[in-house]
Structure formats: C-alpha cells, structure tokens
Amino acid sequence: MMIANNVLTLLFIYCTSIVLAFQISYLHPRHRPSSHLAASTSTTSFTTSIHHHCNKSSPKLLLDSIDEILTLQSQSLSISPSDILNNVNIQHEQDVAYAKSSSLPFENDNISMSGGDDYKHMIEYETIPPNNNEEPPIAIQTPQSILNKDEIKLLTNACETYWNRNKEETQSSKSRFTYQRKGNSEAHLSDVVQYHASQQQHGLDTSDSQSCSSVEHLVNDLLLNRVYPWVRTAYLSNEEDISVDELELYVYDSLFIRYNATEASLIDEGSQESRESVEADQESRVGAGQPLHRDLGYVSINIILNSQDDFEGGGTFFEDQLLPIIRSSSSDDQLYEAEVRPLKPKDVGHAIAHYSSNRHAGAATLKGVRDILVMFIAAATLNKQSTTQPSSSSIPSTDNDFRIQYPPQWELNARIKSAARSYCTTHCSNNIEDQVICRILHHRLAIDQVEDGEAWHYLGMALLDYHNHQQVESSSNEATNIEGTLELAISCLNVASEYTPCDGRIYNNLGIALERQQSSMREDLHSKIVSAYEKSIMIHSKCESVGCDVGADYESACLNYGLYLSKLDLFDDAIDVLSRIVGGKFEHQSMVTAEEDEMDAAGWARQRIRQDALGLLSFCKRQVE
C-alpha cells in the first residue's frame, strides 16, 4: 500500500494547487469588526471554543472561532486588514483609471450622438428560469435584439480589419478572462475603436465605405443608451444597503470573440497526434470554449452576433443549472442521465446578462464559427474634487477632477479572494505559517464583504493548510488544537457546499478533509467520504457533458476517490473509478497531450495526476489477479 499512500501525499498538493490555480475571479467597504483584533485569550479557551462552535456549525460561530485564531496570530503577522483593503483598492483604482483612459465611455459621460440617437432605449428582458420567487434567476435575456443586422455587420467588419492589420504591429493584449485554443480569435472592443480612430486620423482607414467614426458612434450608443440603462434597471436598482445613485457603470473589459472550431480542427491536420487530439476534443465535447470561472465585474453580458445555423454547440453553462439535479432524490443513474443544456441568446443580436460572480463556462463550439460580443460591466464611485490625488502614484493618470472611492462590496469580495495567494506569498515569503494565516485573513475579510460560498471554500482550504502545518510543526501536547483546526476547515467546507452546492471542487476537497479526520479521530466517516467524492465526480461529469473543460478537477476527484477505495482494499471499486480517466477506453476523453515546452504549472500537475492514476490502476489490478 506504500504506492497509494505516496500518491495520496503528492495528490493533496496537486488538488490544492489546482483549486487555486483555476481561480479566474470577478468585484463602502465595511469597517472590519474589532473582534478580529481583540485581546488574546488563553489556549485552553481557544480549544474549547473551537469544539463548541464546530458542533453548532453556525457560520457566525465559525467566524468567531476563526477570529480567535487570527487574534492569537496577529502579533506575529505583519499584514493588517487595512493593508489588504488598500492593496485591492489600488488595483481597483488602476483598473478604473485605465478604463477612463480607454475609448469606451462611462455611464455619465456627456457624449452627443449625431443622427438623433442620444436617447435611452428601454430594453425589455425575461428571467431565466422564469422567476418563481423561490430561487433568484440564473440570468436574464432580451426578447428582442439589442444590435440590428447592419450594426453587427459594421462591428464584425471592424474587428476583422483589426485582426488583419500588419503583423508587425503590436498585438492586442489577451483578456484576463479567457484562454485561447488554436483557431480562436479575440479583440478588445476598446482596441478596435481606438485602432480605427487612429487609422482615420492618419487618413489610413480604407477598410470600407463606412467611416470608423461610425464604429465609435455605434459603441457609444450601445453602451450609453442600451447597455448601461439595462444594467441599472435590471440589476443596480435592486441593490440594497448601498447608495446606487453614487455608482457609475463602466466597461471593465469587452471582447469580440470568434470561436472557430472548424479552423482549430484544420491546424496541423497532417499530424497524427493532432488528428487524435481533435477527435478526442470532439468526442468529449471540449472544443472551442471557456472553463468554469467567475468574472471580475458586476454584470456580464453576452450578445450573439451570428446565426445558430453557423455552428454547433456553444452557449453559456451556469453551475447553478445543476441545482435541480443536486437537490433531486432520484437514483444516481437518473442523475447522470438528466439533460442540461447551455443557455443561448434567442436569436442574432439578442443578449443574455448575469451577475459576474455567477460561476459559468463558455460551452464548447464543436463545429463552425460562433461570434459573440461579451461585456464586463463594473461600477465605481467617482467624486468630483480638485486637490486630492489618487492614493497610489503608480496609477495611470486620470482627469484630476475625479477621486476614485473604494469599490462596492461585491468587487471587494472578489478582489480580496483573487489576490490572497499571490499577495501572501509576496509579503510573507520567508514564513510558511504567516502565508497561511495571511490567506485565512484574506478570505475572512472577503466574507465580511459578501458571504458567498467561494470565500467559505477558500477559507476552509486555508484552514486545512494551516492544520497540515500544525501537524508538522507542533508538539504532541498540542494535538487538541490541531484537530480543532481540522474541524473548523471541514465546517467551512460544509458551509461552502450550502452556499454553492453545485461546485464539484468543494466536495473533492471535503472528501480529502474528512479522510484526514477519520484517520486522526478513528471515527467512521466512510459514508460521508464516499458521498463527497461521488458528488464531486457526478457534478464534473455533468459539466463536461455540456462541453465544459473541467478535466483537471474531474481527474483529481477520480484519483482521490480511487486512492481512498484502494486504502480500504476495495480494489474492484477503485479500478472502476480510475478506469474513467486512464487505461483502455476510458470515459474521460479530454486528456489531450501537449508538448513539454507548452505546459504550464497546471498542465504539469494534470500530467502527474494521470501518471499517478495509471500507476495506482496497475497496482489495483495486480491485487485482484
């Protein structure tokens, strides 16, 4: 069993890194409660408090226990809550200043529209699914087009001209939200507008008879008279505990994206390995799309620009579409067979909008070409002033008449979560314990802003890392404290699963944590561990069936479950689980090989997981021969 145990040790590191590596995050700070920095209490009371709070499993009581850990560590930690808030506010200021300097208007910009179009369109919308007052809608959609055919043609031609410009010119920077597969193209809307304006200014715009001023006019009209009023009416006007009149909407980023599944399949078609890779992609429905992620913004908008007859697949899949399946009392077989389809705008020029924090994916475009315009709308408070300058000299200059305020709570929550690991690694580089405590503090602060499942998830994982560190560093007489930290981690993961029950990563990590608790407490948690792993695998399988690239998460859940079963000598069951990702005609087909020099850290982790799974599968087969 030494092989399995070694693999388990390695895999725990991989799974933790994968969960954090695939964070593609999203955006009047409340003052941090003084209890976080209260006077220190004794170790005895801390231990008793943890056990009491964990048994209650109340989020508030859990946070009280976590505050006690932070209080005990506050004297040695050089990072303060104000440092974290200042860091994310600087990032916010930089992004707002960058947006101010771009070619895209803010909501309150006074731009005169030629041609009589300077009036605000009333955009009607429908909820998806229809509002039944039980659950908030996943998204909203327009029953009519938000862009007409002539406007789409103008915008498409402008982007194609931008893509075909001289290769010697600087290429557009890649969006922080997307990763490109071969054959796909994307262009930042601000770059397209600016490029054509520059061409016209120098008398070089010869793309077609329509002047580039028409492109700028179209984009201004789309934002000022359609998109911004729609977002304010449908979303911002419903916010509570915030003065929405002081918030101004702006474009955090916007992209014209072309998912070209046909071109991708033709690249290097002479290569046998390429043909096999393409076949694997098409069979697994992981083609030209985006992985599950959250956007950094307030509301995300997706406008379809060509007919659905031009492509197969595509659409936006929302994690919460799995809610009816997760809450169903049906058998496992029925759950696997239940059909879930990505959401698509109704017709050409129609739009879908959703909160940016809703975890979603761009489902695979399997054949043909799919064009979309995506917009990430954020909000900022810009107060008029004449003397105060932005708080960081590194921020790009903006109009000196404006002072940028702290971002709204939803943006603070997102930025704190996404900054946690890199900030703590940078500022606590010489002390592992301080890095972990710093991460705990980040996610605790994120929950102060918006109490969401992802913050609870990351808080639980940081506590689990802290538990592992305690095991290595602490003496035997501190065992009670160590187990209390593990209980806290598990309780946080359980709370996370209540807030976001369709995130398969949570159940994978919960299975890992419960295994550690069962080993240390000799408590029979077998049914809970099995349930956690099987739910994780089921969720990832459903996500993959609609074209989401969840390969890394699916593979790590199968390997973890296979390891657990093999430790119990349930080798036949372990073989069944592991065979889904390695060996023979495995069910999971997204394991496309890559050249070594093209692999990033996540790619290396996946490759190692597959190797470990194959080694464990061979071991289990030998035991049943």
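Me: Where does Asp221 lie?
Reply: In helix α7, residues 212-234. Helices here are DSSP runs of H or I with at least four residues, strands are runs of E with at least two, and both are numbered from the N terminus.

Me: Is Asp221 buried or exposed?
Reply: Asp221 is buried, at a relative accessible area of 2%. Buried means under 20%, exposed over 50%, and partly exposed in between, with a 1.4 Å probe and protein chains only.

Me: What does the side chain of Asp221 make a polar contact with?
Reply: With the side chain of Asn225, at 2.7 Å. A polar contact is a pair of N or O atoms within 3.5 Å; within protein, one must be able to donate a hydrogen and the other to accept it, and residues adjacent in sequence count only if both atoms are side-chain atoms.

Me: What should I know about the model?
Reply: This is a predicted model, where local features need pLDDT of at least 70, side-chain atom pairs count only at pLDDT 80 or more, and totals for chains, interfaces and linings use all residues. Residues are numbered from 1 along each chain as its sequence is written, and side-chain values use heavy atoms, leaving out hydrogens and water.

Me: New topic: which peptide bond is cis?
Reply: The one from Ile128 to Pro129, with omega near -10°. Pro129 is in the loop between β1 (126-128) and β2 (139-141).

Me: And what's the phi of Asp569?
Reply: Near 65°, a positive value in a residue other than glycine. Asp569 sits in the loop between α18 (551-567) and α19 (571-578), and is partly exposed at 49% relative accessible area.
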